[in-house]
Each structure stands twice: as structure tokens, then as C-alpha cells.
Amino acid sequence: MSEPKTSRLKTVLRDSRLSGVALIVLLLAFWQFSAMYFVHSPTWPTVTRIFEAWFENIADGTLATHLFATLWRQMLGYGLAVLLGIALGLAMGYYKALYNLFEPLVETLRPIPGPAYLPLLVLFVGIGSEMKVVLILVASLFPILLNTYSGVRSIDRVQFDTARTLGLTTLQTFRELVVPAASPQILTGMRISLAISLILAILGEMIVSNDGLGYFVLLAQRTFKVPDMYAGIFTLALLGYVLNRLFLMIESRLIRWHTESSGRT
Amino acid sequence: MTDYLLVDGLEKRFSSHGRAAFKDVSFSVGQGEFVALIGPSGCGKSTLLHIMAGLSQPSAGTVRLAGAPVAKPRPEMMFVFQQYTKSIFPWKTVLDNVLLGVKYHSDASREVLEKICLEHLELVGLGRYPGYFPYQLSGGMQQRVAIARALARRPKILLMDEPFSALDAMMRVELQDLLLKLWSELNLTVLFVTHDLDEALYLAQRVIMLSASPGTVAEDVRVPLAYPRQQIETRSDQAYLQLRERLYRNMVAQVMAGRANGP
């Protein structure tokens, strides 16, 4: 008895994401079709009109300005959260006393949704870029912090014993064992926070700002430049996608040992 | 043979339930000796080895190495763990794993250190694998890396905690013979913990058997077999079989006694 051969179509559907891309194209076509023939409303422009607006805003540099404004605030807040979260997380994971000291506080602050800090920050930091950077920092901190210390705490006893028999100092143990062993979980936290940092950057810009993609999208909506609004949203989709892709690329390089070895067992 | 590594009145109680894992354990290991430590599971033989390595503290008693008390890991004593998948760091290549043992303890250049490490990899039969990652190697090869790393620090003593028990039978046999070869070529002192009586008898000059919990020294016997040992011949030698039977009966008795006492 021979197994029936899987058809070519089935193989393509199972092994490639071609169908997923086709679905997006199909939905855009459906949108275009509905806007041309059924829904005649300024809130539902054709896809071609949106792309036109998109290219106009790219050509005159408007989008680049706003994109850059969003990116630098996001990256500054996120970068600070990464530094602080990893440093504090490593210390909390390694030293039990520090864990006991800070863990209850972290668990108390962690459930507060990031946006809830906004009114408070306006009072203390004002409405400038600093406020947005701090908002991003606060909201991005916790996933990194939590993943870092739980990564360190789950390091096997045998690995610490190995470091001790090899005569490593505390600093050498951090460098050779703690940081690399926790890195898969640290990177998981960093990836969650990357998405959060973009959300908070946009939110901050929508509340109070005079540049950035959040500001651009909201302003377009308020001034009835609906195609511009959609163009801004498309830009955000693309930005989020590219950032995540870049992150995954860097991640797979950094912890190849982890992905390869967990794939085998 | 002098008392090189000495254990005197050692006891370990677990703080959680106050029961002693072992108590009043005393024995000594001479320089260059190969001693196997066996006992039923739960007798604390692995804990005992950790204490001897300075990795944990006894509740009572002392460990002395050449007269000096051992309170923390000493460079003359290297430990080989059962869990090689953990002990060999998976994010480091084979060479970097071996280098880890020497690079912080030497002023020699990186090239010189790498050469030393490669020589030790050669010694355990891994000369062709310095650039491999652990996940690309079999279990037996990973444990060889751990042995090479320990040897690269040029220890006088190897403390081995069931190093081959996670390996399949063929690899275990290969590594047993490799260990015997290294022991005689490098003039090492070996203390080898195992739950496998056959492994203990095949490898060691002396077998120390702990009783069931709380463990004490139940037997301390010489193994009257010459080296080099041969997997087939040694294991069918009359002297081997007689000693095996005697120790086996004792071990079964220990296990029964342990059951009767209950945990």
C-alpha cells in the first residue's frame, strides 16, 4: 500500500504563507470594490485614493518627519526601559534579598495600565517629549523586568555549581552564565515591550503633541483628511511589522544555541 | 597510602525535616587512588560528594584535603556532574566551554590557552569538534567535554557524581575505559559516585558502600583485580563475581532495611 500523494495545492497551503498574503490582497480588492460601487462616503475612500495620499505625504517629507518624531521618542523610552529592566532584573534574580525587597512593589505597580500614568506624568513632567519618553519607559519596563528576573531565577543549580567549581567570581558568573542563560527570556520580555512602546508612543502623541504619527493620524481625522488618516494607520502597521521583523532577526542571531537546541528535543 | 582526601565524622541533616541523610561518615582516599562510592538511592552519596567538593556545607564533621579543611571549591579538585546538558553551557562552543575553566586563572595568551584546551579535547577524543555547539553532540560527547574542561584545569582529584548514568550502555562502556586511561596516564585521584555496583567494581581499586538512610559506611573493600581492566574478561573474573555477589547481597539488605525504617 502506498500513501496517496499530497496534492501540490495542499503542500503550498501548508508550507507557505502565500495564502495569507493573498488574503490581504483580496481584502484590499474588496475594499476598493466596495468604495467604488457601494459605499459612497468620505469616511470610506478607495484604496487607490489612500495610496495616492500616502505617496503624497511621503513625497513632501511629511510622513518622514512624523515617523522620525515617533521613532526617536519610542526608541529612547524603550532603550531606557531595556537598560533599567535588565539591570534591575538581573540584580533581583540573582540576589534573593533584593527580590524580596522589590517583588511586592513590582507586583503592585505592574497591574496599572500604562496609559493610567499619563495624567500623573502631565502634572510632574509636563506635556513635552519628556512626558512621552517617561510614559513609554514606565509601560515598557515591567515585561522586561519580570522576564529578566524570572529568567535568572530559573537557572539550574548545577550551572551555578559549575561556575563555582570553575572558580568564577560573581562578575564572571554574570558574564559567562547569568546573562546568557537568561537571554532567551530577557529577549521575550524585550519583544513584548517593543510592541507596548509603540502603543504608548502613539497614545502620548494623540493626547498632546505637535508631531509624530499619532498626532498625524488624529489631526488628519479632525481635519477630514480621511485618506491621510488611513495612510498614517498603514504607516503604523508597516512600522510595527518592520520593528518586529528586525527584532526577530537579531534575536535568532543572538540565541541560535537556544532555538536550535530546543528544536531538537 | 597517605590520607590525602579525608572525611571525618561527616553528617548532613536537612533543615526541612531534620532527618539526617547520612551521619558519622568517615573514610579517606589516598593520593592516586580510584575509589567508588556506592549506595542505595537516598543515602546521600551525591550530597556527600557535593560537601567534599566544597559546594555545600555539612551539618557536622570535616573534609580535609592534604591536611587543610575544605570549605569552598578548590582548584585541585574538579567536579564532573551527572547533568552534562546543564553543566556544559549550551551557549558556548566546545572550545569555549573548555576555555571557561582556564581563561580566568592564567596570564597566558589566548592562543596558548586555546592550545592547552585543544590538547585536552584531543585527550578525550574530541580533537575534531572544538567549534561545535553542545546540542550538535551526543550525550557521551557532551560528558567528554565536561571531562576535558575539568582536566584542562590540571586538577589532582576528580570528583565524579554519577557521570555516566544518563548515557546509553555502549557510551558508558567507552567512557569508563577512557576514564581509566586518563586516571593512569595523568596520575589522578578519582572519587566516583555511582548507584551501579558493576560500574564501581569495574573501575575502582576500592569500593565504599553507604547504608540506607541515614547513610553510614557499610563496607569499605579493596577490589582484587589488576589493571588494565577489560570489559569482558574483568567482568567474568571469579574474584569480580564473588565480590559482586557479596556486595550485592549487602546492598539488597540495605535497601530492605531502608524500606523497613520508612522515610
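Let's start in the middle of things: the largest nonpolar core of this predicted model takes in 130 residues, and the ones with the most contacts inside it are B:Leu159 and B:Val207. The largest share of that core comes from helix H7 (residues 129-153) of chain A, which puts in 15 residues. For a closer look at the surroundings of B:Leu159, leave aside anything up to four places away in sequence: this leucine then touches B:Leu49, B:Met52, B:Ala53, B:Met77, B:Phe79 and B:Leu191.

Next, the place where the chains meet. Here 19 residues of chain B are in contact with 18 residues of chain A. If you want to find chain B's side of that contact, look at strand S6 (77-80), helix H2 (84-87) and helix H3 (94-102), the elements that each give two or more residues to it. Sorted by class, this side of chain B has 14 nonpolar residues, four polar ones and one charged one.

Strand S6 of chain B also takes us into the sheet. Six strands of chain B make up an open sheet with mixed pairing, and reading across you go S6-S7-S8-S3-S9-S10. S6 and strand S10 (217-222) sit at the edges, each pairing on one side only. From one strand to the next, the twist averages 15 degrees. Among the residues involved, B:Ile38 has B:Met209 in S9 as its bridge partner.

Now step back to the domains. Chain B splits into domain 1, made of 5-76 + 156-261, and domain 2, covering 87-154. Their C-alpha centres lie 26 Å apart. Where these two domains of chain B touch, 10 residues of domain 1 are in contact with eight residues of domain 2. On the domain 1 side, helix H6 (residues 169-185) of chain B gives the most, with five residues. That side of domain 1 has nine nonpolar residues, no polar ones and one charged one.

Chain A is divided too, with domain 1 spanning 8-37 and domain 2 spanning 47-264. Taken over C-alpha atoms, 31 Å separate the centres of these two domains of chain A.

Key
Residues numbered from 1 in each chain as written. Chains lettered and ligands numbered in written order. Predicted model: local features only at pLDDT ≥ 70, side-chain atom pairs only at ≥ 80, totals over all residues. Contact = placed C-beta atoms within 7 Å. Helix = DSSP H or I, 4+ residues; strand = E, 2+ residues; numbered from the N terminus. Nonpolar A, V, L, I, M, F, W, Y, C, P; charged D, E, K, R; others polar. Core = buried A, V, L, I, M, F, W, Y, C linked by C-beta atoms within 7 Å. Buried ≥ 20, exposed ≤ 12 C-beta atoms within 10 Å, placed from the backbone. Domains from an automatic or database assignment. Pairing = 2+ DSSP bridges. Axes fitted to C-alpha atoms, helices over the stretch in contact; angles between N-to-C directions.
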